[in-house]
Amino acid sequence: MAAVVAAGAGLLALVIGATATPEAHVERYLQALAGDDLVTASRLAGLPEGSPTPVGDAGEPAVLAVLGRIERGDDRVAIIAEYGGPTDAATVILTLAPAEPLLGIIPQWSFTTPPVRSLEVGVDQHDEFLINDERLAAAAAGETARVTGFVPARLEIGIADPYVDGRSVSVRLTGAAPRVVVLEAEPTARLERGVLQEVEAFLADCVEQEVLQPAGCPFGRAIDDRVLGLPQWELVSTPVVSLTASSTPGTWEVRALAEVGLRVTVQRLFDGRISDVDTTLTATITGEVVMRDGMPRLTIAPPRS
């Protein structure tokens, strides 16, 4: 009987030695992070029950190892660990202190500060962005929203919108990670096509007006002689449209150039001679596109007098 008790005690000591160390606590935390078990990661991180779950790791770590420990004093221990992908593995130092023993006998450890990190994320010309394929939003275009993730998770920050695109950014949540990430947006081909179609429709309405000065249109011709018949306009070239980010977040300045043709018969007042006018003019269209409720809204500015 004594031998059984001794064997049991020895086995318990072995289990405690293997699992109830600060190194083991860190390893379990990192394994939970690597396995996308964010509930377990939150518990091991020491986050209050019911608190929002931080963002996990976007990658699949190729490196997960505890490298060593440093005694900090006051029973605190700093564990040095390496975690990450094959090209972006990071070394982190996580500090732990003794916690309430389990069942009153098994030593437990906890992080002195939960291993989470916050950063501000936004897009200069949009209000939505992606964090590890999850869509998040700021209060308005150009503003940032706070994102909290587990240390040392990798966050993939990007844009997924049919009208706005931009270069994605990868951030590993370590001490060297930036505090603020603002992506630079640019219009997509779909947005450019949509603006072009609206500009073409606007010009199509203009050229249907059989007058020398079409109302509300960015072209016209003044003729001092007598006009015979009705002026005929036509769109000679496809408009060339450019979109430029304005100083107002979420707004794009629009500028388009197009060639329009005019044909009209006139009679000179001086000698009564009749001739045909056949000319080409350049129409310059300006305006702005504003993203509202996820859709672009084009406003064409009135022509300059």
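In which helix is the place of E198? E198 belongs to helix α4 (residues 189–207), where helices (H or I, at least four residues) and strands (E, at least two) are DSSP runs numbered from the N terminus. At 40% relative accessibility, E198 counts as partly exposed, because buried means under 20% relative accessible area, exposed means over 50%, and partly exposed lies in between (1.4 Å probe, protein chains only). E198 and L298 are separated by 100 residues in sequence and by 7.8 Å in space, C-alpha to C-alpha.

The model is predicted: local features need pLDDT of at least 70, side-chain atom pairs count only at pLDDT 80 or more, and totals for chains, interfaces and linings use all residues. Residues are numbered from 1 along each chain as its sequence is written, and side-chain values use heavy atoms, with hydrogens and water left out. The average pLDDT of the chain is 91, and 93% of the residues score at least 70; pLDDT is the predictor's confidence in each residue, from 0 to 100. Over residues 1–18, pLDDT stays under 50, and the model has four contacts beyond four places in sequence for this stretch, a contact meaning heavy atoms within 4.5 Å. Where pLDDT is low, the predicted coordinates should not be read in detail.

The largest nonpolar core has 67 residues. Such a core is a set of buried Ala, Val, Leu, Ile, Met, Phe, Trp, Tyr and Cys residues joined through side-chain atoms within 4.5 Å. V26, Y29, I157, V195 and F219 have the most contacts inside the core, and strand β16 (residues 251–267) gives the most to it, with eight residues. Leaving aside residues up to four places away in sequence, V195 touches V241, L243, V254, V289 and L298. In soluble globular proteins, nonpolar side chains tend to be buried together.

Strand β16 is joined to strand β17 (residues 274–292) by 17 bridges, and the two run antiparallel; strands count as paired if DSSP finds at least two bridges between them. V264 has V277 in β17 as its bridge partner. β16 and β17 form a hairpin with six residues between them, and G272 in the turn has a positive phi of about 80 degrees. β17 also pairs with strand β18 (residues 295–300), in the antiparallel sense over six bridges, and the bridge partner of G287 in β18 is I300. Two residues lie between the strands of the β17 and β18 hairpin, in which D293 takes a positive phi near 55 degrees.

An open sheet is formed by three strands in the order β8-β5-β12, with mixed pairing. β8 (144–150) and β12 (180–183) are the edge strands, each pairing on one side only. Neighbouring strands of this sheet are turned by 30 degrees against each other on average, direction ignored; axes are lines fitted to C-alpha atoms, for helices over the stretch in contact, and angles run from 0 to 180 degrees between N-to-C directions. Seven bridges join β5 (residues 116–123) to β8 in an antiparallel arrangement, and L119 has V147 in β8 as its bridge partner. In the loop between β8 and β9 (154–158) lies P152, which is joined to V151 by a cis peptide bond with omega of about 5 degrees.

Helix α3 (residues 38–45) has A41, S42, L44 and A45 as its buried residues, and their cover includes α2, β4 (106–111) and β8. G46 follows α3 and has a positive phi near 85 degrees. Helix α2 (residues 22–34) contains E23, whose side chain is joined to that of R69 by a polar contact of 3.1 Å. A polar contact is a pair of N or O atoms within 3.5 Å; within protein, one must be able to donate a hydrogen and the other to accept it, and residues adjacent in sequence count only if both atoms are side-chain atoms. Beyond four places in sequence, E23 touches V66, R69 and I79.

A81 lies in strand β2 (residues 76–84) and is buried, with a relative accessible area of 0%. Among the residues that A81 touches, not counting those up to four places away in sequence, are V26, L30, A65 and V92. D75, in the loop between β1 (63–73) and β2, is exposed at 56% relative accessibility and has a positive phi of about 70 degrees although it is not a glycine.
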